[in-house]
Amino acid sequence: MAGLRILLTGAQGQVGHELAWLLRAHDVVATDRAALDLTDADAIVAAMRAARPQLVVNAGAYTAVDLAERERDRAFAVNARAPQVLAEEAKRAGALLVHYSTDYVFDGAASSPYTEDAPTGPLNVYGESKLEGERAIAATGARALVLRTSWVYGTRGKNFLLTILRLAADRDELRIVADQTGTPNWSRTLAQATAALVARGLPFLAERAGLYHLSSTGATTWHGFATAIVGDAARPRVVPITTAEYPTPARRPAYGVLATERFRAAFGFALPPWRDALAACLAARAAERAD
Ligand SMILES: NC(=O)c1ccc[n+]([C@@H]2O[C@H](COP(=O)([O-])OP(=O)(O)OC[C@H]3O[C@@H](n4cnc5c(N)ncnc54)[C@H](OP(=O)(O)O)[C@@H]3O)[C@@H](O)[C@H]2O)c1
């Protein structure tokens with residue numbers, strides 16, 4: 001297959017870093033914050049016109065959920081305005097856009113997995129800004145795949161897995177919220193799925209443009225996730241607590257499991273169960289550290 005011209009944003013992020021590696025056979029302009037500031041709409045236009053991509057993969061995002069409560073404008077610039085400009089430019093150039101969104105577009109009142117058509121109702125600024133990004137992309141009429149996912153972790157960056165491993169090294173007890181349910185997703189499995197989509201070719205993807213839930217299967221709580229990370233170790237003890245006992249600036253949905261049947265039906269594969277992905281990630285991390 002001839003390589004595609006691809007513009008990648010957020011190339012130093014959890015998903016973006018994995019994508020830069022997995023898409024390396026293509027002609028990728030991989031941009032991080034230093035190369036392309038997503039709060040600068042003019043810079044996005046200039047980058048798009050210089051790169052002339054056939055495919056845009058927007059892995060950049062403002063993901064600091066609590067800080068977003070105080071930085072609303074910045075969150076909306078990166079999560080809503082930037083995707084809009086990318087989509088406008090993609091439409092103008094006839095390019096396809098792949099964009100990521102979040103389970104935090106939902107209010108968490110459900111008790112069975114959310115389908116793509118379920119009513120949204122974000123509880124925090126981050127979720128509002130991501131929902132606005134979805135709507136802004138749709139409004140441009142650009143051909144786009146919008147992939148909602150949840151609870152992303154990996155071997156680099158700031159994430160729950162690395163926080164728990166760090167805390168577990170010097171604490172006897174971890175107190176972890178047990179009344180929020182969702183699905184952890186390894187950034188590499190999300191990037192691998194994206195690369196697998198890209199490998200199917202642009203016409204295939206253009207025919208299937210739309211909104212999809214992309215997530216590992218299964219569900220757990222943050223407490224369950226932490227327990228799985230710590231494994232069989234005698235310490236630390238992982239103690240369940242309530243959200244009320246761990247107040248944060250941003251409210252979080254109590255339930256955010258995503259139904260993934262639409263993605264499987266359209267593309268013919270699914271992500272692994274979350275525990276399998278976690279085991280693979282821990283093995284990859286051990287191998288990285290042994291190098
Ligand atoms: N992380 C999660 O738990 C989670 C859950 C559901 C959905 N998602 C979605 O999944 C996608 C990938 O997330 P991720 O976990 O890979 O996020 P991430 O690790 O935070 O990566 C996002 C990248 O975007 C960059 N960025 C932020 N502001 C920028 C700006 N103004 N200009 C240019 N780059 C900027 C960040 O750079 P800095 O590091 O310099 O800020 C970072 O490298 C995002 O769309 C996110 O909303 C994430």
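**Notebook: ligand shell and chain**

Helices here are DSSP runs of H or I with at least four residues, strands are runs of E with at least two, and both are numbered from the N terminus. E4 gives the most, with 3 residues.

A note on what I'm working from: this is a predicted model, where local features need pLDDT of at least 70 and side-chain atom pairs count only at pLDDT 80 or more, while totals for chains, interfaces and linings use all residues. Residues are numbered from 1 along each chain as its sequence is written, and side-chain values use heavy atoms, with hydrogens and water left out.

**Around the ligand**

How many residues surround the ligand? I got 23, and the closest are Arg33, Leu38, Thr63, Tyr126 and Lys130. To be near, a residue needs one heavy atom within 4 Å of the molecule. I sorted the shell by class and found 10 nonpolar, 10 polar and 3 charged residues. In this scheme Ala, Val, Leu, Ile, Met, Phe, Trp, Tyr, Cys and Pro count as nonpolar, Asp, Glu, Lys and Arg as charged, and the others, Gly among them, as polar.

Next I looked up individual atom pairs. A polar side-chain atom of Arg33 sits 2.6 Å from a ligand oxygen. The side chain of Lys130 has an N or O atom 2.7 Å from an oxygen of the ligand. With Leu38 the backbone takes part: one of its N or O atoms is 2.8 Å from a ligand nitrogen. I then checked cover: the ligand taken alone exposes 890 Å², and the protein buries 81% of that. These areas come from the Shrake-Rupley method with a 1.4 Å probe; for residues, only the protein chains shown count as cover.

**His26**

I found His26 in the loop between H1 and strand E2 (27–30). Is His26 buried or exposed? His26 is buried, at a relative accessible area of 13%; buried means under 20%, exposed over 50%, and partly exposed in between (1.4 Å probe, protein chains only). A polar atom of the His26 side chain lies 2.9 Å from the backbone nitrogen of Leu4.

**Whole chain**

I noted 10 helices and 12 strands in the protein chain. Of its 291 residues, 51% count as buried. The C-alpha atoms fill a box of roughly 55 × 40 × 40 Å along the principal axes.

Notes
Polar contact = N/O pair within 3.5 Å; in protein donor to acceptor, adjacent residues only side chain to side chain.
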